[in-house]
Amino acid sequence: MLADKPSWVRANIGPKDLRFDGYPKESLAEWHERLGLSRPD
């Protein structure tokens with residue numbers, strides 16, 4: 001949510017990172033799964 005970050009904060013954006021001005025359509029669970037961070041059942 002880059003629109004809300006203070007101007008003095010430098011965003012550490014990697015090549016696979018998505019950037020959003022507001023809330024993304026991707027859920028937090030989907031974000032974890034995309035990055036391979038979800039727990040196995």
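The following exercises, each with a worked solution, concern a predicted model of one protein chain.

Residues are numbered from 1 along each chain as its sequence is written. In this predicted model local features need pLDDT of at least 70 and side-chain atom pairs count only at pLDDT 80 or more, whereas totals for chains, interfaces and linings use all residues, and side-chain values use heavy atoms, with hydrogens and water left out.

**Exercise 1. Describe the overall build of the protein chain, from its secondary structure to its burial.**

Begin with the secondary structure: the protein chain has one helix and zero strands, both being DSSP runs numbered from the N terminus (H or I over at least four residues for helices, E over at least two for strands). Next take the extent, where the C-alpha atoms fill a box of roughly 40 × 20 × 15 Å along the principal axes. Then turn to burial, which is defined as under 20% relative accessible area, with exposed being over 50% and partly exposed in between (1.4 Å probe, protein chains only); of the 41 residues, 0% count as buried.

**Exercise 2. Locate Leu-28 and state which nonpolar patch on the surface contains this residue.**

Leu-28 lies in helix α1, which covers residues 28–34. With a relative accessible area of 59%, Leu-28 is exposed. Together with Trp-31, Leu-35 and Leu-37, Leu-28 forms a nonpolar patch that has about 380 Å² of accessible area. Such a patch takes residues with over 30% relative accessible area and no salt bridge, joining nonpolar side chains (Val, Leu, Ile, Met, Phe, Trp, Tyr) within 5 Å and like charges within 9 Å, while the areas come from the Shrake-Rupley method with a 1.4 Å probe, only the protein chains shown counting as cover for residues.

**Exercise 3. Identify the salt bridge of the structure and classify the accessibility of Arg-34.**

The structure holds one salt bridge (a side-chain nitrogen of Lys or Arg within 4 Å of a carboxyl oxygen of Asp or Glu). Its partners are Glu-26 and Arg-34, whose closest N and O atoms are 2.8 Å apart. Arg-34 has 38% relative accessibility and therefore counts as partly exposed.

**Exercise 4. Place Phe-20 in the chain and give its separation from Val-9.**

Phe-20 is found in the segment before α1, and its relative accessible area of 28% makes Phe-20 partly exposed. Along the chain Phe-20 and Val-9 are 11 residues apart, and their C-alpha atoms are separated by 16 Å.
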